[in-house]
Amino acid sequence: MIEASKTATETEASTLTHPNERGAIIAPVRPTSALLWACKYCGAFTITKHRSDTIEDNWRNGSSREPLRAVCPKCKKRNRLRSENHDLVWAEVPWRRITQRKALKRVAENLNIIKGDAKELPRRKVAHDEWNREVGYKGKKHTPQPFKRWQKRGDA
């Protein structure tokens, strides 16, 4: 009886807003990653969101077929993040890991402060130390997981 009193629009709306109901249509969640990269032109560190399948296709097919690009918020120039000649990406974390993403953003801000007006980028060891400081890691010094994650993509 209750079903009969609902109009067609109410029934459609309820199936779209309640994923547990029968007949609901839910779009799949695409895996995405946050990339820490340095601008080729001004050297500013930035975090951007990219789909994981685009990143994998870029590694597999090259940057001419699957370009991995981003615009620098400081100098407003478009960068090709990875190609045969250069790799601007330093680290990668899953986008849905909010605490890691925020820590990576703080690392980018700290690296921008450390860099200042210098022409050259800081060493990657400085970035590793900043990450370890942000997450509170005090153990044996080694390459942190977000930096390793990007390096392993290249080895695969």
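User: What makes Arg133 count as exposed in this predicted model?

Analyst: Arg133 has a relative accessible area of 51%, and since the term exposed applies over 50%, Arg133 is classed as exposed. The side chain of Arg133 also meets that of Glu134 in a salt bridge, at 3.8 Å from N to O, and salt bridges with shared partners join Arg106, Glu130, Arg133 and Glu134 into one network.

User: Why is the contact between Glu56 and Arg153 called a salt bridge?

Analyst: The criterion asks for a side-chain nitrogen of Lys or Arg within 4 Å of a carboxyl oxygen of Asp or Glu, and the N to O distance for Glu56 and Arg153 is 3.9 Å, so the pair qualifies. Glu56 belongs to helix H3 (residues 52–61) and Arg153 to helix H6 (residues 145–155), so that the pair, 97 residues apart, links distant parts of the chain. A search of the whole structure finds eight salt bridges.

User: Why is Glu56 described as partly exposed?

Analyst: Its relative accessibility is 38%, and because buried requires under 20% and exposed over 50%, a value in between is called partly exposed. Asp129, at 32%, is partly exposed by that rule; its side chain meets that of Lys125 in a salt bridge of 3.2 Å, N to O, and both residues lie in helix H5 (residues 124–135), four residues apart, about one turn of the helix.

User: How do you know that the length of helix H4 agrees with its number of residues?

Analyst: Helix H4 (residues 98–115) has 18 residues, which at 1.5 Å a residue should span 26 Å, and its end C-alpha atoms are 26 Å apart, so the two values agree. Among the buried residues of H4 are Leu104, Val107 and Leu111, and the buried residues of this helix pack against strands S1 (32–38), S2 (45–51) and S5 (89–94) as well as H5.

How values were computed: Residues numbered from 1 in each chain as written. Predicted model: local features only at pLDDT ≥ 70, side-chain atom pairs only at ≥ 80, totals over all residues. Heavy atoms only, no water. Helix = DSSP H or I, 4+ residues; strand = E, 2+ residues; numbered from the N terminus. Buried < 20%, exposed > 50% of the residue type's maximum accessible area, 1.4 Å probe, protein only. Expected span 1.5 Å × (residues − 1). Contact = heavy atoms within 4.5 Å.
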